[in-house]
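Please look over the sequence and the three-dimensional model below before reading the briefing that follows.

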Amino acid sequence: MRILVTGAGGTVGSAVVPLLLEREAAVRALSRDPARRTFPAGVEPVAGDLERPWTLDGVFDGVDAVMLYPHPETAEEVVARTRDAGVRRIVLMSSSSVETDPDADTSGNFGHQHHRPVEEAVERSGLEWTHLRGGEFMVNDLDSYPDSVRAEGVIRAPNGDHPGAPVHEADVADMAVAALLEDGHQGRAYEITGPEHITPAQRAAVISRALGREIAFVELTLAETRELWISQGVPPEVCDWLLWEPGPEDEGAPWGPDEFVSKDYERVMGRPGRDYARWVADHIDAFR
Ligand SMILES: NC(=O)c1ccc[n+]([C@@H]2O[C@H](COP(=O)([O-])OP(=O)(O)OC[C@H]3O[C@@H](n4cnc5c(N)ncnc54)[C@H](OP(=O)(O)O)[C@@H]3O)[C@@H](O)[C@H]2O)c1
């Protein structure tokens, strides 16, 4: 089978590529600038930009299945090109933010707005499809935790007692490979969370144990968090979605409904997903 991996240089895609090679698939890796990326031996790099579908001429030729990175603005045309080239299957990197209740208000749900139009284009295509609706990635913690852990022995985050169910990027990659190569996953939307509830304060404790030294957890208010994220370049509308608009009435309010721990990974892979301790062990150098 020949698989085209879009996002092949990204967090999940770069974990998918070696797994596909291990399973003896032929891998074509899409990048806007393949010269900037290093892919494993045997991978066929191709240039193309999902935002500019006319750059994708020939990219899908001879391909059996595509792992698709979402671009809502061009999804319809990209999917049409995929189908016209004779591709059989699309596995979409989607998100657990996709709202499945048709009556729900999705006006402030940036994740739904970004991913659902792509899901719809894929579902309309007539091709075999699988949606990978990933929850919060553990790897997001690499954006905010390591600097203060290394410099001050501190993690600063909001909602210290609120449990989430973050997922290891390797688990998302496992599910992508299964859906790309195997039958039985078509027409399914998998919710991919981690295997456990864990709070931000508990994450600090896990990192403390792995480093063998105390890492303090300092709780930020929602307003402080928003200010910090904006200073780090997170767009305001994304802050508002991830962390609703702060106001005096929201300070100290609960984060929202408890995160849902999905069993989809265990059902598909036949084993529990990787927990946060495993993720920290896999990335320990970033914290040292
Ligand atoms: N982070 C989370 O908590 C979370 C949760 C749920 C779902 N998700 C979803 O997971 C996906 C992100 O996966 P990731 O973290 O593996 O991505 P990532 O590390 O941000 O990597 C992005 C990849 O996409 C490629 N890319 C971006 N724009 C492109 C374009 N216009 N044309 C072609 N390629 C393009 C980049 O390739 P080049 O730079 O080489 O072109 C890069 O390889 C997204 O769909 C995201 O919404 C994330």
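In strand β5, the bridge partner of V66 is I90, where strands are DSSP runs of E with at least two residues, helices are DSSP runs of H or I with at least four residues, and both are numbered from the N terminus. This is a predicted model, in which local features need pLDDT of at least 70 and side-chain atom pairs count only at pLDDT 80 or more, while totals for chains, interfaces and linings use all residues. Residues are numbered from 1 along each chain as its sequence is written, and side-chain values use heavy atoms, with hydrogens and water left out.

**Pairing and crossover**

- Strand β4 (residues 65–68) runs parallel to β5 (residues 89–95), and four bridges join these two strands.
- Strand β1 (residues 2–5) is also parallel to β4 and is joined to it by three bridges, with I3 having A65 as its bridge partner in β4.
- A right-handed β-α-β unit is made by β4, helix α2 (residues 75–84) and β5; right-handed here means that, with the strands pointing away from the viewer, the path from the first strand over the helix to the second runs clockwise.

**Burial of β4**

- Strand β4 is covered on both faces, with A65 and M67 buried on one side and V66 and L68 buried on the other (buried: under 20% relative accessible area, 1.4 Å probe, protein chains only).

**Surroundings of S262**

- S262 lies in the loop between α9 (236–242) and α10 (264–269), and is buried, with a relative accessible area of 8%.
- The side chain of S262 reaches the backbone oxygen of E191 at 2.8 Å.

Note on methods: Buried < 20%, exposed > 50% of the residue type's maximum accessible area, 1.4 Å probe, protein only. Polar contact = N/O pair within 3.5 Å; in protein donor to acceptor, adjacent residues only side chain to side chain. Pairing = 2+ DSSP bridges.
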